[in-house]
Amino acid sequence: MNPEPLIRLEQVALTYPGPPPVPALAPTDLTIHPGEYVTVVGRSGSGKSTLLNILGLIDRPTAGSYLFGGVDTATMSQARRTSLRARRIGLVFQAFHLLSHRTAEENVALGLLYRGVPRGERQQAAREALARVGLGDRTRALPIELSGGERQRVAIARALVGRPALLLCDEPTGNLDSTTAEGVLDLITELHDAGLTVIMITHDRGIAERAQRLVSITDGVLTEQLGRAGTR
Ligand code: ADP
Ligand code: MG
């Protein structure tokens, strides 16, 4: 395993200011190496999205240090954090967040908008990313013409189009029936097998156990569990 961690949290915590203040994430140490597949499982309100938003450089922790690829993100300007996120992190949410009047290809190409990639290359990369998620023949479809599972695949393609180092998924199958969810989870496993680092958060223990490494969260406190392979 690569000795340089992709993610290193040291005593990272977040308290929402309130009032009243809500200590959503207790001081947390977490190290994730390139190529890992980690799931974070916990009930509603346990702090999963809070953690994911910190990992995704959306929110800043109120304490501690977060190194991404060895770089300290705490001292970075907002512009540099946004640019780092655009280049290195792909985000997938429960509600697919697709633009309804744009085709699948246009939605995916938007994932490259902040990267200064010329339009033609954006379109080409979008078609390739859609092919990778099994939607190579639906590039012209609007979201309304796609099933829930297909919409989530478009969102995954949008997350992948910039070739991120990390795929962060917040309850990616929360809006899908179980059969469709299986397909999306299989896709995420395939992407991990192809070398992507994946962090997925879920309230569903069965889903969480598909990962190599499982971390549970209760009231903002993380605890390492043994994952499927029991390799640690
Ligand atoms: P989960 O994703 O596991 O359901 P969250 O991370 O969204 O949990 O929330 C953790 C805790 O922080 C909950 O008690 C929630 O009510 C609280 N919380 C989340 N967002 C905010 C916010 N913006 N302001 C205040 N409290 C918040
Ligand atoms: Mg949540």
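This report covers the ligand site, salt bridges, a surface patch and some backbone features of a predicted model.

## Basis

In this predicted model, local features need pLDDT of at least 70 and side-chain atom pairs count only at pLDDT 80 or more, while totals for chains, interfaces and linings use all residues. Residues are numbered from 1 along each chain as its sequence is written, chains are lettered from A and ligands numbered from 1 in the order in which they are written, and side-chain values use heavy atoms, with hydrogens and water left out.

## The ligand site

Oxygen atoms of ligand 1 make polar contacts (pairs of N or O atoms within 3.5 Å). A polar backbone atom of G45 sits 2.7 Å from a ligand oxygen. For K48, a polar side-chain atom is 2.9 Å from a ligand oxygen. For T50, the side-chain distance to a ligand oxygen is 2.6 Å. Alone, ligand 1 exposes 560 Å², and the protein buries 57% of that. Accessible areas come from the Shrake-Rupley method with a 1.4 Å probe; for residues, only the protein chains shown count as cover. Helices (H or I, at least four residues) and strands (E, at least two) are DSSP runs, numbered from the N terminus.

## Salt bridges

The whole structure holds 9 salt bridges. Each is a side-chain nitrogen of Lys or Arg within 4 Å of a carboxyl oxygen of Asp or Glu. One of them joins R140 and E105, at 4.0 Å from N to O. R140 is in the loop between α4 and α5 (148-160), E105 is in helix α3, and the two are 35 residues apart. Buried means under 20% relative accessible area, exposed over 50%, and partly exposed in between (1.4 Å probe, protein chains only).

R210 has two partners named here, E182 and D186. The E182 bridge spans 3.1 Å, N to O. E182 lies in helix α6 (residues 178-193) and R210 in the loop between α7 (205-208) and β9 (213-218), so this pair ties together parts that are 28 residues apart in sequence. In the bridge to D186, the closest N and O atoms are 2.6 Å apart. D186 is also in helix α6, 24 residues from R210. R210 is buried, at 19%. E182 is partly exposed at 40%, and D186 is partly exposed at 37%. Elsewhere, E36, R213 and E224 are linked in a salt-bridge network.

## A nonpolar surface patch

L99, L110, L113 and Y114 form a nonpolar patch on the surface, with about 410 Å² of accessible area together. Patch residues have over 30% relative accessible area and no salt bridge; nonpolar side chains (Val, Leu, Ile, Met, Phe, Trp, Tyr) are joined within 5 Å, like charges within 9 Å. Y114 lies in the loop between α3 (104-109) and α4 (119-132). Y114 is exposed, at 71%.

## Backbone features

Two cis peptide bonds can be checked in turn. One joins G18 and P19, with omega about 10°. The other runs from P19 to P20, with omega near -5°. P19 is in the loop between β1 (7-16) and β2, and P20 is in the loop between β1 and β2.

H97 is not a glycine, yet phi is positive, near 55°. H97 lies in the loop between β6 (89-93) and α3 and is exposed at 53%. E171 also has a positive phi, about 50°, without being a glycine. E171 sits in the loop between β7 (166-170) and α6 and is buried at 11%.

Note on methods:
A polar contact is a pair of N or O atoms within 3.5 Å; within protein, one must be able to donate a hydrogen and the other to accept it, and residues adjacent in sequence count only if both atoms are side-chain atoms.
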